[in-house]
Amino acid sequence: MELKEKIGFYKVCFDSMQAGILVFNDSRDIILSNIPISLLFEYSSEELRKFKACKLFKNCGVLKNFIQNSEKQKFKSLIELIGIKKNGQEFPVEVSFGKIEYEGMPYFKLLLTDITLRKKREKKIKSLNYQLEEEVKLRNIELENLIEKLKKSLSKEKELNFLKTKFIALASHEFKTPLSAILSSTELMAKYADLNNIEKRNEHLSKIKSVINHLNNMLDDLLTLENIESGEINLNSTKFKLTNLINEIYKNSKPLLKNNQQLIFNNTNDEGEIYHDYKIITIILTNLLNNAIKYSNENGIIKVDITSNKKNIYFSVEDQGIGIPVNEQNLIFNRFFRAKNALYYPGTGIGLNIVKGYIQNLNGTISFESVENNGTIFKVQLPKLKLL
Ligand code: ADP
């Protein structure tokens, strides 16, 4: 092959490379470039040879640095730069540097690849990653919420189990006594029927009624416990006279009175009809009144005051009974709590918990004052409900 032909052959090899090749001297004047460089930067090879390599890159400092420190490690690997086309458009390129010598002169070569596509893909992957991370974060939050909910229902489940165990203990204790009272009364009634003693029979009938009432209240208490806890109280409001409600409570509580116990109702409400939940007020007042009767000795006086104004209904139930020990007074609204001095009396420790739950749900207040062996007074304020 002739020298001329050889040069032609080298040029074909040079131009057919896939990567762009740029050769410049230590003053950064472009000496050589192949066709891919012209295609990428949109300059002819003649145009390119008229200016410095710096014109093709945004960050020319790297070229200067390479010329001065070509042996440095960082120039042995691929470097990303920003190329500038003839029309000023910028695009990302990846270059590898190399130093060559020809006839005792140093030259610097640069192998360049257009990485626009790769960068676009990387950007897309980055944004997908970001989306994925956001999605994961969201899922994590959802998961945490779910765990929180599960924890709550687990503790509710535990509480329910505890309640069941407690209930079984209560049922065997608290239900057995009244049931055997009913049994013995019915047996005696049968006996008096033979003897035609109507007075005695009626006495036992009213005893049975009162014991059944007591059982009923206890069951009501247990059934309402769950609703109160979850705040799911369905108000069933009707118009009624407070006086009628008081009369009913008086009638139901009277048979529970012990020997010579006196029950005094002082009703100073305005006598008009009120709009409220009849059953809830009955449960509250009955619980307080039955406690006053239960925890008072024979001969004790129990006073119930009822009054109302435009906005509120006020009750107070006062007794001269065993009182609540000072060191236990802060616990008496807790579910199942019973003070030490109350343990000789039947009870479940549920009533006051329910009373407080109802009152809180109705935005009312309850307070008490008590002196051990002297007596207790409970005071309740209930806002009146608005007629819809
Ligand atoms: P129970 O009466 O079934 O034990 P409650 O929830 O009604 O349950 O009352 C909780 C506790 O508060 C009682 O066990 C008792 O110690 C105390 N208590 C409530 N009312 C009175 C009262 N009028 N006099 C003395 N102690 C009371």
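Analyst: The shell around the ligand has 22 residues, of which Ala339, Ala342, Gly347, Gly351 and Leu352 come nearest; a residue is near the molecule if its C-beta atom, placed from the backbone, lies within 6 Å of it. This is a predicted model, in which local features need pLDDT of at least 70 and side-chain atom pairs count only at pLDDT 80 or more, while totals for chains, interfaces and linings use all residues. Residues are numbered from 1 along each chain as its sequence is written.

By class, the shell holds 10 nonpolar, 10 polar and 2 charged residues; Ala, Val, Leu, Ile, Met, Phe, Trp, Tyr, Cys and Pro count as nonpolar, Asp, Glu, Lys and Arg as charged, and the others, Gly among them, as polar. Two helices, α8 (278–294) and α9 (351–361), each supply at least two residues of this shell; helices are DSSP runs of H or I with at least four residues, strands runs of E with at least two, numbered from the N terminus.

The largest nonpolar core has 30 residues, and Ile284, Leu285, Leu288, Leu289 and Val317 have the most contacts inside it. Such a core is a set of buried Ala, Val, Leu, Ile, Met, Phe, Trp, Tyr and Cys residues joined through C-beta atoms within 7 Å, where buried means that 20 or more other C-beta atoms lie within 10 Å of the residue's own. Both α8 and α9 each supply at least two residues of this core, and α8 gives the most, with 7 residues. Leaving aside neighbours within four places in sequence, Ile284 is in contact (C-beta atoms, placed from the backbone, within 7 Å) with Val355, Tyr358, Ile359 and Val380.

Key:
A residue is buried if 20 or more other C-beta atoms lie within 10 Å of its own, exposed if 12 or fewer, and partly exposed in between; C-beta atoms are placed from the backbone. Two residues are in contact if their C-beta atoms, placed from the backbone, lie within 7 Å.
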